[in-house]
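Let's take a friendly look at how charged side chains can pair up in a protein. Keep the picture beside you as you read.

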Amino acid sequence: MIAVIPARGGSKGLCRKNIKLLLGKPMIAYTIEAARDAGIFERIIVSTDDDEIADTALMYEAEVPFIRPESLSGDSISSDDVVLHVLDYFKDKDINYSEVCKLQPTSPLRTAGHLTEAYHIFKENNCNYVVSVCECEHSPLWCGTIGSDGSMDSFLEERYKRACRQQMDMFYRLNGAIYMGKTETYRYDRSFFGKGCRAYIMEKKDSIDIDDLFDFQIAEMIMSRKI
């Protein structure tokens with residue numbers, strides 16, 4: 001299995017977040033170290049358009065075989081396009097990997113233990129994909145739309161108005177930490193979601209996906225307490 005870490009230099013929510021120091025260490029380093037310590041990857045590849053991120057990745061013993069082309073560096077580019085580009089890069093060199101894992105550098109609380117647990121689910125169940133999730137903070141059944149005048153007359157369905165949390169189905173959300181798959185099906189689906197996908201459930205405290213300063217500060221607080 002090959003690990004691909006997509007890491008752009010630009011970020012609207014938090015400037016230079018992929019190499020922003022988190023407890024004295026560049027944020028991307030936590031993902032590289034978790035991947036390395038898991039011991040399940042043949043290679044750990046960082047795909048970036050930024051020289052400073054590339055240098056940081058090399059410092060933490062990831063591979064940076066190329067600087068990502070400008071055509072794959074915009075805000076609208078899917079990280080799956082970036083993963084496919086990495087696979088194509090190696091395929092052109094007659095190097096093929098049967099399994100691939102996307103690891104976003106914005107999930108610094110994801111550990112080597114999480115990766116090995118997800119990998120066991122992947123292998124033991126012969127899944128096409130394994131994707132990490134966590135419980136929703138609040139049930140989406142308690143969400144609704146508000147009228148332009150602030151009206152909440154149709155905010156909730158009648159059956160949920162008096163329901164307590166324990167009576168509702170459990171909902172989960174993507175946490176962005178782990179996406180694993182078989183390369184052949186991934187190329188076909190161009191996504192880690194398709195037939196034969198299983199969930200790997202993580203705790204909410206390990207599921208912070210850093211998009212802005214608020215997320216960063218929460219991650220910093222949780223990691224400080226762990227230390």
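Arg16, Asp50 and Glu52 are joined in a network of salt bridges. A salt bridge here is a side-chain nitrogen of Lys or Arg within 4 Å of a carboxyl oxygen of Asp or Glu. By this rule the count comes to 12 salt bridges.

Before going on, note that this is a predicted model: local features need pLDDT of at least 70, side-chain atom pairs count only at pLDDT 80 or more, and totals for chains, interfaces and linings use all residues. Residues are numbered from 1 along each chain as its sequence is written, and side-chain values use heavy atoms, leaving out hydrogens and water.

| Salt bridge | Distance |
|---|---|
| Asp50 and Arg16 | 2.7 Å |
| Lys102 and Asp80 | 3.3 Å |
| Arg190 and Asp81 | 3.6 Å |

How exposed are these partners? Buried means under 20% relative accessible area, exposed over 50%, and partly exposed in between (1.4 Å probe, protein chains only). Asp50 is buried at 14%, whereas Arg16 is partly exposed at 26%. Lys102 is buried, with a relative accessible area of 4%, and Asp80 is buried too, at 13%. Arg190, at 49%, is partly exposed, and so is Asp81, at 30%.

Asn125 is partly exposed, with a relative accessible area of 33%. A polar atom of the Asn125 side chain lies 2.9 Å from the backbone oxygen of Ile121.

How values were computed
A polar contact is a pair of N or O atoms within 3.5 Å; within protein, one must be able to donate a hydrogen and the other to accept it, and residues adjacent in sequence count only if both atoms are side-chain atoms.
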